[in-house]
Amino acid sequence: MAISSSKAFIASILLSLILVLHLVAADQMVNTNEGASSPTIDCGAACKARCQLSSRPNLCHRACGTCCARCKCVPPGTSGHLEVCPCYATMTTHHGRQQCFL
């Protein structure tokens, strides 16, 4: 009788230990994901590249800078590629016009 109760006790301790380790690992994963921030972007350099061929570079830089600050992304190239940054593509002004240079 003593042998089976000691085996049960050891088994319950092992199961408890496994459960605790699993919970600690899950907590670390959650805390790691919560602490992850959006990747930082150099809006000045990204907008300079985006607006280099614009006919109105000052306006393009100003609008692109605003969009970059809000969206944390700028599509690559001088135009198009909006699927990379949907926020950039859908942002509008108060008057319903396109905010960001496409």
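Modeller: Read along the sequence, the chain follows the pattern α-α-α-α. This is a predicted model, in which local features need pLDDT of at least 70 and side-chain atom pairs count only at pLDDT 80 or more, while totals for chains, interfaces and linings use all residues. Residues are numbered from 1 along each chain as its sequence is written, and side-chain values use heavy atoms, with hydrogens and water left out.

Biologist: How many helices and strands does the chain have?

Modeller: The chain has four helices and zero strands. Both terms refer to DSSP runs numbered from the N terminus: a helix is a run of H or I with at least four residues, and a strand is a run of E with at least two.

Biologist: How do you know that the length of α3 agrees with its 15 residues?

Modeller: The expected span of a helix is 1.5 Å times one less than its number of residues. The 15 residues of α3 should therefore span 21 Å, and the end C-alpha atoms of α3 are 20 Å apart, which agrees.

Biologist: Which residues of α3 are buried?

Modeller: They are Cys-60, Ala-63, Cys-64, Cys-67, Cys-68 and Cys-71. Seen down the axis of α3, these buried residues fall within an arc of 135°, so they line one face of the helix. The arc is that of the directions from the helix axis to the C-beta atoms. Buried means under 20% relative accessible area, exposed means over 50%, and partly exposed lies in between (1.4 Å probe, protein chains only). The face of α3 turned away from the buried side carries the exposed residues Asn-58, Arg-62 and Arg-70. The cover over the buried residues of α3 includes α2 (43–50) and α4.

Biologist: Why is Gln-99 called buried?

Modeller: Its relative accessible area is 17%, and the limit for a buried residue is under 20%; Gln-99 is therefore buried. Gln-99 lies in the segment after α4. Leaving aside residues up to four places away in sequence, Gln-99 touches Ala-63, Thr-66, Cys-67, Met-91, Thr-92 and Thr-93. Contact here means heavy atoms within 4.5 Å.

Biologist: Which members of the largest nonpolar core touch the most other members?

Modeller: Of the 13 residues in this core, they are Cys-64, Val-74 and Tyr-88. The largest share of the core, five residues, comes from α3. A nonpolar core is a set of buried Ala, Val, Leu, Ile, Met, Phe, Trp, Tyr and Cys residues joined through side-chain atoms within 4.5 Å.

Biologist: What makes Cys-43 and Cys-68 a disulfide?

Modeller: The criterion is a pair of cysteine sulfur atoms within 2.5 Å. The S to S distance of Cys-43 and Cys-68 is 2.0 Å, and a disulfide joins them. The pair links distant parts of the chain, with Cys-43 in helix α2 and Cys-68 in helix α3, 25 residues apart. With -80° about the S-S bond, the link is left-handed.

Biologist: Why is Cys-43 called partly exposed, and why is Cys-68 called buried?

Modeller: Cys-43 has a relative accessible area of 21% and so counts as partly exposed. Cys-68 has a relative accessible area of 0% and is therefore buried.

Biologist: How many disulfides does a search of the whole structure find?

Modeller: The search finds six disulfides. One of them is formed by Cys-47 and Cys-64, their sulfur atoms 2.1 Å apart. Cys-47 lies in helix α2 and Cys-64 in helix α3, so the pair ties together parts that are 17 residues apart in sequence. Cys-73 and Cys-85 also form a disulfide, with their sulfur atoms 1.8 Å apart. Cys-73 and Cys-85 both lie in the loop between α3 and α4, twelve residues apart. The link of Cys-73 and Cys-85 is right-handed, with 65° about the S-S bond, and both residues are buried.

Biologist: Where is His-81 placed, and why is His-81 called partly exposed?

Modeller: His-81 is in the loop between α3 and α4. Its relative accessible area is 43%, so His-81 is partly exposed. His-81 has a positive phi of about 60° and is not a glycine.
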